Each structure stands twice: as C-alpha cells, then as structure tokens.
Amino acid sequence: MEYLLNVAGLERHLPICKVSDDIYIAAFIMFNDVEVTVACAEELLKKAPEFDVIITAESKGIPLAYEMARQAGNKPYIVARKGPKIYMSDLVTVNVDSITTDHMQTLCVGHDEREVMEDKQILVVDDVISTGESIAALDKLVDEVGGNVVGRMSVLAEGEAANRDDIIFLAKLPLFDANGEVM
Ligand SMILES: O=P(O)(O)OC[C@H]1O[C@H](OP(=O)(O)OP(=O)(O)O)[C@H](O)[C@@H]1O
Ligand SMILES: Nc1ncnc2[nH]cnc12
C-alpha cells in the first residue's frame, strides 16, 4: 500500500506502515532525498518568521534543519539529541512519546547548545508533526535554556495536527486504517 504525496512541487510514493492494529502511517523519510529536502527547505523559509537559530529533533529533522539554516545564510542550527553524549555537559533533558516509537524517548541539549540559544529567536523545525509530542518537547527545551520560540514548522502535518493553527506546514498527511483507507 502506498500514498502519493505532493509537496513543494514534487511527488513521492510513501509506503503505508503499521503503527498499531488501528493506525497506519504513510512513512515520509527525507533521508536519501536531496531534491525533496532542498525544495521543502526553500518553501518553508518563504513562510518562516524572522529567526536567529533553528532547532530540530534527532534524527529525521536533521537534513531539513541543516538545509534551512544553510539557505537562510548559514544560520546556526541545533540538534536535540535522543541521548546524552560524553562531550555534552550541563544537560537539559525532556521526555517525548512520538507516534512512531513504542517507548518513551528523551531529547537533550548540553552547554554548547544552551549558549547558542539563550536569549535568541528560535525556529522549531521537524519533518513531520503528528501527535505534537516531539515539537512540544523541543518547545520545552528552548524554554528551559532561555530561548524564545518564534515559530514551529514542519514539512507535513499528520492526522489532527493539520487542524492546528500554531504550526506552519507545507502539506497535510492523513492517517490510515488497516485497509489503507484514509481515516
Ligand atoms: O508529533 P510526533 O508524534 O512526536 O511525531 C513526529 C516525530 O516522529 C518522527 O521522529 P521519530 O520519533 O520517529 O524519530 P526518528 O526521526 O529518529 O526516526 C518525526 O521525525 C518527528 O520528529
Ligand atoms: N508519517 C510519518 N513518517 C515518518 N515519520 C513520522 N513520524 C510521525 N509520522 C511520521
């Protein structure tokens, strides 16, 4: 089963994958797809508010955040990591329970990322917003390090996220039932 996605003037066939007995998603994986990453970054920047720094969540948001930061004139971008690394100090950690993962995850930043974000205008970016858990965790991280969230953006808003008025996105992505029918 596949879903035909139109985004940023491009078409992609997304495989429909099981999340639970009742919920299936069309998996949107920007890894390996430079054309989609570059085009989506360009379209998102046209809609973006003024910002100093981009933050995203490890891992699928990384190429998008990098490309947006590059196209915006080499602005800094921060990756909130799913676990601490030995080279990170003074950790700030939040919990996140995203739709694709069957266990609670964490997102964290360290001292270096805090310094980049403190008192700055921060644009929160991800590839997909679905339950909103990941973007909410990024919001919380920014808040805890003293940054100011000026916008929340994603390429796709999945399921009920498409009804949110506090996010900017390029296209809606439906959820599916076990027969591949749009919910
Ligand atoms: O709105 P939510 O329900 O939180 O879902 C959206 C998040 O889920 C995916 O990441 P995932 O947790 O699958 O991790 P990955 O990017 O490492 O694959 C996606 O890249 C978003 O970050
Ligand atoms: N449709 C989707 N594809 C990839 N990652 C996701 N995370 C949440 N929904 C997703």
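Axes are lines fitted to C-alpha atoms, for helices over the stretch in contact, and angles run from 0 to 180 degrees between N-to-C directions. Helices (H or I, at least four residues) and strands (E, at least two) are DSSP runs, numbered from the N terminus. The model is predicted, so that local features need pLDDT of at least 70 and side-chain atom pairs count only at pLDDT 80 or more, while totals for chains, interfaces and linings use all residues. Residues are numbered from 1 along each chain as its sequence is written, chains are lettered from A and ligands numbered from 1 in the order in which they are written, and side-chain values use heavy atoms, with hydrogens and water left out.

Helix 1 (residues 34-47) packs against helix 2 (residues 62-71) at an angle of about 60 degrees, and their axes lie 9 Å apart. This makes helix 1 oblique to helix 2; angles under 35 degrees count as roughly parallel, over 145 as roughly antiparallel, 65 to 115 as roughly perpendicular and the rest as oblique. The crossing of the two helices is right-handed, a term used if the near helix is turned clockwise from the far one by less than a right angle, with anticlockwise giving a left-handed crossing. Helix 1 makes the contact (heavy atoms within 4.5 Å) through Thr 37, Val 38, Cys 40, Ala 41, Glu 42, Leu 44 and Leu 45, and helix 2 through Pro 63, Leu 64, Glu 67, Met 68 and Gln 71. Sorted by class, these are eight nonpolar, two polar and two charged residues. Here Ala, Val, Leu, Ile, Met, Phe, Trp, Tyr, Cys and Pro count as nonpolar, Asp, Glu, Lys and Arg as charged, and the others, Gly among them, as polar.

An open sheet of five strands has the order 5-4-8-9-10, and its pairing is parallel; two strands pair if DSSP finds at least two bridges between them. Strand 5 (77-80) and strand 10 (168-173) each have a single partner strand and stand at the edges, so one side of each is left without a neighbour in the sheet. From one strand to the next the twist averages 20 degrees. Strand 4 (residues 53-57) runs parallel to strand 5 and is joined to strand 5 by four bridges. Within this pair, Thr 56 has Val 79 of strand 5 as its bridge partner. Helix 1 packs on this sheet, where it touches strand 9 (148-158) and strand 10, and its direction makes about 130 degrees with that of strand 10. Helix 2 also packs on the sheet, touching strand 4, strand 5, strand 8 (121-129) and strand 9; the direction of helix 2 makes about 170 degrees with that of strand 4.

The loop between strand 4 and helix 2 contains Ser 59, and the peptide bond from Glu 58 to Ser 59 is cis, with omega near 10 degrees. Asn 32 lies in the loop between strand 3 (24-26) and helix 1. Although Asn 32 is not a glycine, its phi is positive, at about 80 degrees.

A further open sheet has four strands in the order 1-2-3-11, with antiparallel pairing. Its edges are strand 1 (2-7) and strand 11 (175-176), each with a single partner strand, so one side of each is left without a neighbour in the sheet. Strand 1 and strand 2 run antiparallel and are joined by six bridges, with His 13 in strand 2 as the bridge partner of Leu 4. These two strands form a hairpin with two residues between them, and Ala 8 in the turn has a positive phi of about 50 degrees. Strand 2 is joined to strand 3 by three antiparallel bridges and by a hairpin through five residues; Lys 18 stands opposite Tyr 24 in strand 3. Two bridges pair strand 3 with strand 11 in the antiparallel sense, and Ile 25 has Leu 175 of strand 11 as its bridge partner. Helix 1 lies across strand 1 and strand 2 (10-18), running at about 110 degrees to strand 2.
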